[in-house]
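Dear colleague,

I am handing over the structure we spoke about, and it is placed just below. After it you will find my notes on what turned up when I went through it.

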Amino acid sequence: MAHPVLQVEGLTKHYRAAGSFFASGTDIVHAVDNVSFTIDEATTFALVGESGCGKTTVTKVLLRLEQPTAGAVRFGDKIVHELSGNDLREYKRAVQAVFQDPYSSMNPRMRVLEIVAEPLRVHQGLRGSALCDRVEELLSDVGLSATAASLYPHQFSGGQRQRIAIARALALKPRLMVLDEPVSGLDVSIRAQILNLLIDLQIEHGLSYLLISHDLAIVEHMSHMVGVMYVGKLVELSSKDDFYSNPLHPYSKGLLAAVPHPDPDLPMSVGVTGEVASAIDPPTGCRFHPRCPIYQGTGACRASEPLWREALTGHRVACHKVEPMLEIADAR
Amino acid sequence: MSASVIPSTSRPPRRSKSDVLLRVEGLKTYFISRNRQLKAVDGVSFTVRRGEAVGIVGESGSGKSVTCLSIMGLTPTPGCEVVAGSVWFDGEDLVKLPERQLRSFRGRRIAMIMQDPQTSLNPVLTIGDQVAEPIRLHLKKVGAALIEAVLAALTAVGIPQPERRLKQYPHQFSGGMRQRVVAAMGLSTHPELLIADEPTTSLDVTIQAQFLKLIRDLQRQSGTSVIWVTHDLGIVAQCCDRVNVMYAGRIVESAGVRKIFKEPQHPYTRALLASVPVKGTRKERLYQIEGQPPSVDQLPEGCPFWPRCSHALDICREQYPPQASKGGDDFVHCWLAVT
């Protein structure tokens, strides 16, 4: 039985758009709208979607960098944005993050030893040789030698810096790691090293990951569950296997088709036409309808918001057209 | 002494009649400072035929962008110079041409699309002004004919409502639309060669797919040759007819696109293909190329890939492998292929 580490329930985050010189901002950016999902223990949950779909805003709320407008994130029996005192300390220990660009997330004037030791000093009060030993152990966990401890971030390549960032995130034995595009900034030959390392660490430490990535091949390789977001809404949520073998939402199908396949015998396909709708004034009804290949110009898609429902066991989708499609499939 | 193989006969290709549009021969571009030189491009040779799409694949620092800048005569001077080799474009060696004459090629017959559309557009000029510039300079169009050509260029790259859009500024365009504007500028003079240097890195997959199809369709319609510079093997497979794999400033393997993907010869090419996750195929564990791409100021002796190569022989550590022909124009630089 899967144990949830983190439950996101009806999460909504609206921002007020910056106003111009003459008018104060009254526009609302619907960055995240009523998003719910669960991250289970020792699994990877991937959020995918185009830029501006709200993936990063979800992680910001998770990391308590933003307060939700509505809804809640539950960690055990506690609500994350209401935490304080020791509970908050415990949450900040248990949830760590690794970002796309490891260089900008490290102080260039600190040695690797200090970078990795900082959370240990602050949270666990480690000092002296106990601290050094623990840092060495962490560095060796991520495949770096002990000599790395006395160097500065600029003395490492991108891949090694990402290893340092992972060591720092691991220092406090977290339960959940937010991985925001962890390999996009790395060379192709280095990506496999980091992806393999992340999988090894997950198995070894029973870590859960929230993976944000635009690369659907990497998501397929890494994740157990996949959620697809479009203009602030979750439009599909399922196990990885179901998502890749039987994507239901037309947007998911388009996203999958748009990935250029490294096989010259397969034809090029465009996937989705048009561009992402604005989150300030999202389309009525289904937010995807202006780009949807099966939208016929009238009807429910434009008039009403599709329900978030379970179309197949454990496979949720928000699309007016999905149910009819399943019936047709059954009738054959 | 570099042991790279440069063709000894550098006879200029025949004019126009030939289907070879571009022939780069033994190109060496070095970064030169007071006390040392960095061999960013170290003996690169390849050809681009008319209407052909050629990929240059490599990691950062492999010299793919510097190769393209050398073709265009746009290497940052002083400090970065083409020290040897030729770039034959339709019978002229661009390396030897004076700047004034080079300008009649650059932007007119050879166009380039850079990685970041934000920095290749001027924020204080309208889109119309910027697309008009190459048409005005190279095709000498003015007035109504100029506006007509600008509208045609914007329409060709799929920008909706071009009459309204040409009065707008770059910040009013999305990333995908900006890249289309840059493509419109490049293609407006109907160049014979388009160099696309990682043109989709900053785009979403959906917008990337639209852009790739756009360029490929325009290429097929107009017979333009394209050089795709990329590290994305998916783009290579979908867009290129021929592929040159670069590592540490040299082309280590060159072959048709099917051959590169189905029968890769060089251990680096094979390792690259094995290390990327592929949608729809479950790999238990990704193949991991150990170490990292070498920096050009610390190249190992011999074949620069040997420290990361799982098949390295003794000779690999001593001498750069000569070119081993694999039929037609295909070749590989690897001692395993020689012996």
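In this predicted model, strand 3 (residues 53-57) of chain B and strand 8 (residues 225-230) of chain B pair in the parallel sense, with five bridges between them. Within that pairing, B:Val54 has B:Ile227 of strand 8 of chain B opposite.

Both strands belong to an open sheet of eight strands in chain B, whose order is 6-7-8-3-9-10-12-11 and whose pairing is mixed. The edges are formed by strand 6 (110-113) and strand 11 (323-325) of chain B, and because each has a single partner strand, one side of each is left without a neighbour in the sheet. On average, neighbouring strands of this sheet are turned by 20° against each other, with direction ignored.

Twelve of its 13 residues are buried, so helix 5 of chain A is largely enclosed by the rest of the structure; among them are A:Arg161, A:Ile164 and A:Leu170. These buried residues pack against strand 6 (95-98), helix 3 (112-124), helix 4 (128-141), strand 7 (176-180) and helix 6 (188-205) of chain A.

Between the two chains, 35 residues of chain A are in contact with 38 residues of chain B. The elements giving two or more residues to the chain A side are helix 6, helix 7 (216-222) and helix 9 (250-258) of chain A, and the largest share, seven residues, comes from helix 6. By type, that side of chain A divides into 17 nonpolar, 13 polar and five charged residues.

With best wishes

Key. Residues are numbered from 1 along each chain as its sequence is written. Chains are lettered from A and ligands numbered from 1 in the order in which they are written. This is a predicted model: local features need pLDDT of at least 70, side-chain atom pairs count only at pLDDT 80 or more; totals for chains, interfaces and linings use all residues. A residue is buried if 20 or more other C-beta atoms lie within 10 Å of its own, exposed if 12 or fewer, and partly exposed in between; C-beta atoms are placed from the backbone. Helices (H or I, at least four residues) and strands (E, at least two) are DSSP runs, numbered from the N terminus. Two residues are in contact if their C-beta atoms, placed from the backbone, lie within 7 Å. Ala, Val, Leu, Ile, Met, Phe, Trp, Tyr, Cys and Pro count as nonpolar, Asp, Glu, Lys and Arg as charged, and the others, Gly among them, as polar. Two strands pair if DSSP finds at least two bridges between them. Axes are lines fitted to C-alpha atoms, for helices over the stretch in contact, and angles run from 0 to 180 degrees between N-to-C directions.
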